[in-house]
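Student: I would like to learn how to read a model like this one. Can we go through a few features in turn?

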Amino acid sequence: MRKAVMAVIFLGIAFLIIKTNFNITNESEQFPSSGKVYREICGTIKRGETLFDIFKKYSLDIKELFYLKEASANIHKLRELYPGRPYKIIIDENNKINSFTYWINEDSILNINRNESGFCAEKKNVEYERRLEHIGGTIKDNLISSVGEGKENLMLALQLSDIFAWDIDFTTDLRNGDTFKIVVEGYYLDGEFKKYGEILSTEFFNNGVTFYAYRFEYDGRTDYYDTEGRSLRKAFLKAPLSFRRISSGFTGKRFHPILKIYRPHQGLDYAAPSGAPVSSVGDGTVTFAGYKGQYGKLVVIKHPNNYKTYYGHLSKIEKGITKGIKITQGQIIGYVGTTGLSTGPHLHYEMRINNNPVNPLVVKLTRGTSIPKTLMAGFRDFKNEMDARLALITPPVFAFAGENKNSRLQ
Ligand SMILES: [Zn+2]
C-alpha cells in the first residue's frame, strides 16, 4: 500500500545537532571534570527495575541510596520509577554519588546534587528547543495514515480533526486527493525531535473547499479563527461521531475510522462500529432519553432557536443522561448500537427545526465570535506570517509521487 508522503521542512533556521553525554545507553564512561576523575552511568529504567537493583549492578554504596531517597522524598518518590525513563548517575573518584538525574516525564527532570551538607533535590522543567515545523500532505485512504505513522503523528491528526470539527467530518468527508498544510510547534531535545506542540495555523483542502485556521489568543482564551478573524466554532459540530473519540476508543488494533453515511429517510444513518461513542453536536437540554419504538434507545436534545437533534438505535445511553439534563457540545450521550428497527449497528441522527426535519449537512450555521476590532491588526500580522509559511509548503507531495513515506527533509 502506498503511503502518503509527509514532508517536514525546516524554514531557513540553521541548527546544530549537539550530541551530549545524555545519550540513553547503559554505558559508564570516564571523563575528566575539574581535575577529578568522575564516572557517569546512563541508562533507562527496565521493567521491574528498582534503584536498589541499579546500585547493586554498579556496586554503589547502598547507604547513599537512602540519603538520595530522603533528599527527594518531598519532590519525587524514588520508589516510583517508570520503565523506559532515562536516568544518569555521576560518581566521584571515591565512588561517592555526585549527582543523580531522573526524567520524571516528558516535561520534568528530578535532579539530586551533592553539596556540603548532603544531598539536595530539585525538580526542573525540561528545556525543549522550540522550532516551527512545516508539514504538507495528501489524503490517501484516511487522515491518520496520511499524516504518518507513530504516536506523535496520531496526536497531530487528532489535533487537526478537533480544529475543523465544525466544518469537516473526518470520518466521512475526506476524499483521496484532499490536501493539508500545517504549521506546528516541534519540541526538540539535543537536536532530536521529541513531540509536537500546538498547531499554529493550517489549511485543509477538502472536496473542493479550502478551510483555514489560525490560532490566536486574547483575554486569556486561545481559539482558532478563519481568515476574517471569526472563531471556527459553530452551534453544531459537523457530526455526532467524533473522529477523536472513535480513533481513541479503538486502540486495541490500529483503527482507521472511515465511516459510511446513508440518507434513506428524514435523517442520516452512520454505519459505525457497535459501542462507538456518540456526542451531542451542540449545547442543549435532554428532552427524551429512553426506548422509543423503531428508534430503539433514543436521546433527543433541544438546542437554542428551536433546533432538536435525535440519536437513535443506541446500544446504551450514557449514565446520567436523563430528561432535563443540560448537555454541552461534544459531550458523550450514548453508544452506537442496533436497538429498535435496525438491521445492523448504526447511528440514526436527525435534526429538526420547529419539528420539521432538515438535512444537518446543509444547515447554514454562523461562526462563533469575532476577534475584537482593536486586536484585528495583531491578528492580521500573525495571519500574514502564517500565510507566508503555509505558502512555502508547496506543493503538498502527492501520494503517487513515490514510496518515500514520512520523508523528513532537514
Ligand atoms: Zn436512520
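Student: Is His265 buried, exposed or partly exposed?

Tutor: This is a predicted model. Buried means under 20% relative accessible area and exposed means over 50%, with partly exposed in between. His265 has a relative accessible area of 33%, so the residue is partly exposed.

Student: And how does His348 count, buried or exposed?

Tutor: His348 counts as buried, because its relative accessibility is 7%.

Student: Which protein donors does the zinc ion have?

Tutor: They are His265 through NE2, Asp269 through OD and His348 through ND1, and they lie 2.0 to 2.3 Å from the zinc ion. The spacing of the donor residues in sequence is H-x3-D-x78-H. His265 is in strand E13 (residues 260-265) and His348 in strand E22 (residues 346-353), so this pair links distant parts of the chain, 83 residues apart.

Student: How is a pair of aromatic rings described?

Tutor: Two values are used, the distance of the centres and the angle of the planes. In this structure, a search of the whole model finds 16 aromatic pairs. One of them is Tyr214 with Phe379, an edge-to-face pair with 6.0 Å centre to centre and 90° between the planes.

Student: Which parts does the pair of Tyr214 and Phe379 tie together?

Tutor: Tyr214 lies in strand E11 (residues 209-218) and Phe379 in helix H6 (residues 376-392), so the pair ties together parts that are 165 residues apart in sequence. Tyr214 is buried, with a relative accessible area of 0%, and Phe379 is buried with a value of 0% as well.

Student: Which residues do ring pairs link into a cluster?

Tutor: The cluster is made of Phe164, Phe170, Phe180, Phe204, Phe211 and Phe243.

Student: Where do Arg131 and the charged end of Lys195 sit?

Tutor: Arg131 lies over the face of Tyr188, at 3.8 Å from the ring centre. The charged end of Lys195 sits over the ring of Tyr187, 6.0 Å from its centre.

Student: Let us end with one residue. Where does Thr202 lie, and what does its side chain reach?

Tutor: Thr202 is in strand E10 (residues 192-206). Its relative accessibility is 0%, so Thr202 counts as buried. The side chain of Thr202 reaches the backbone oxygen of Lys181 at 2.9 Å. Leaving out residues up to four places away in sequence, Thr202 touches several residues, among them Leu160, Phe164, Phe211 and Leu390. Of these, Phe164 and Phe211 also belong to the ring cluster.

Technical notes. Residues numbered from 1 in each chain as written. Predicted model: local features only at pLDDT ≥ 70, side-chain atom pairs only at ≥ 80, totals over all residues. Heavy atoms only, no water. Donors = N, O, S within 2.8 Å, 3.2 Å for Na, K, Ca; no water. Helix = DSSP H or I, 4+ residues; strand = E, 2+ residues; numbered from the N terminus. Buried < 20%, exposed > 50% of the residue type's maximum accessible area, 1.4 Å probe, protein only. Polar contact = N/O pair within 3.5 Å; in protein donor to acceptor, adjacent residues only side chain to side chain. Contact = heavy atoms within 4.5 Å. Phe/Tyr/Trp six-rings, centres within 6.5 Å; stacked < 30°, edge-to-face > 60°. Lys NZ or Arg CZ within 6 Å of the ring centre and 35° of its normal.
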